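The following note sets out several points for discussion on the model shown below. Please read each point alongside the structure.

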Amino acid sequence: MFPEIKRILYATDLSENAKYAFGYAARFSNRFGAAITVFHVIEELNPQITFQMMDLLGEEKWRKIQETRKHEAGELIRQRLEDFCKNEGEQDAACSFLVKEIKIVAGHPVEEIIEEAHKGGYDLIVMGTHGHGILAGAMMGSTAMRVLRRSRIPVTVVRLEPKK
């Protein structure tokens, strides 16, 4: 029996790989009538650097910079969703996937993705990946690999299609 997919967590680092992976999340959404939550983690700096930045800029200015980063990430995600629908509209009459919400948090990407996936009651995680270094063709990105290892729910990991 195939499990029911009603909630999809699409984790994005805003890279081209993640952008490409969204197509899979949208197709799953259309196919199963599942709602998508777009999830982006702004990686926190180590505490020592954070304290130095607050010391240098002042705590209020540092917090405003962090809020601006969060806002800009949200705007970029909304723009990409709009662009995706425009491009899909040319190829496909329906751009009917359902994005339920956009969540942007600060923290460690693997920890935050795993926490959100499990506390949010998702049925599937979709994320992009890319290899690094000499074995790029044979290896997954470290974030995707760690999420895949630690997740208790299915994870679809999508590689960027090579340019022809």
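1. The Arg78–Glu75 pair. At 41% relative accessibility, Arg78 counts as partly exposed, buried being under 20% relative accessible area, exposed over 50% and partly exposed in between (1.4 Å probe, protein chains only). Glu75 is likewise partly exposed, with a relative accessible area of 39%. Arg78 and Glu75 form a salt bridge whose closest N and O atoms are 3.6 Å apart; the term denotes a side-chain nitrogen of Lys or Arg within 4 Å of a carboxyl oxygen of Asp or Glu. Both residues belong to helix 3 and are three residues apart, about one turn of the helix. Helices (H or I, at least four residues) and strands (E, at least two) are DSSP runs, numbered from the N terminus.

2. Basis of the model. This is a predicted model, in which local features need pLDDT of at least 70 and side-chain atom pairs count only at pLDDT 80 or more, while totals for chains, interfaces and linings use all residues. Residues are numbered from 1 along each chain as its sequence is written, and side-chain values use heavy atoms, with hydrogens and water left out.

3. Other salt bridges. How many salt bridges does a search of the whole structure find? The search finds eight. Side chains of opposite charge can pair when their charged atoms come close. One of the pairs is Arg150 with Glu111, where the closest N and O atoms are 2.7 Å apart. This pair links distant parts of the chain, with Arg150 in helix 5 (residues 142-150) and Glu111 in helix 4 (residues 109-119), 39 residues apart. Arg150 is partly exposed at a relative accessible area of 39%, and Glu111 is partly exposed at 38% relative accessibility.

4. Within helix 4, Lys119 and Glu115 lie four residues apart, about one turn of the helix, and their side chains meet in a salt bridge (4.0 Å, N to O). Lys119 counts as exposed at 60% relative accessibility, whereas Glu115 is partly exposed with a relative accessible area of 43%.

5. Strand 2 and its partners. Is strand 2 largely enclosed or open? Eight of the nine residues of strand 2 (residues 35-43) are buried, so this strand is largely enclosed by the rest of the structure. Strand 1 (residues 7-12) pairs with strand 2 in the parallel sense over six bridges, where pairing requires that DSSP find at least two bridges between two strands. Thr12 stands opposite His40 of strand 2. Val38 has Ile102 as its bridge partner in strand 3.

6. Glu43. This residue is found in strand 2 and is partly exposed, with a relative accessible area of 49%. The C-alpha atoms of Glu43 and Asp13 are separated by 9.6 Å, although the two residues are 30 residues apart along the chain.

7. Leu14. Which backbone feature deserves a check at Leu14? Leu14 has a positive phi of about 70° although it is not a glycine. Most residues other than glycine have a negative phi. Leu14 lies in the loop between strand 1 and helix 1 and is buried, with a relative accessible area of 18%.

8. The nonpolar core. The largest nonpolar core has 22 residues; such a core is a set of buried Ala, Val, Leu, Ile, Met, Phe, Trp, Tyr and Cys residues joined through side-chain atoms within 4.5 Å. The residues with the most contacts inside this core are Ile8, Tyr10, Phe22, Ala25, Ile36 and Phe97. At least two core residues come from each of strand 1, helix 1, strand 2, helix 3 (59-91) and strand 4 (124-129). Helix 1 gives the most, with five residues.
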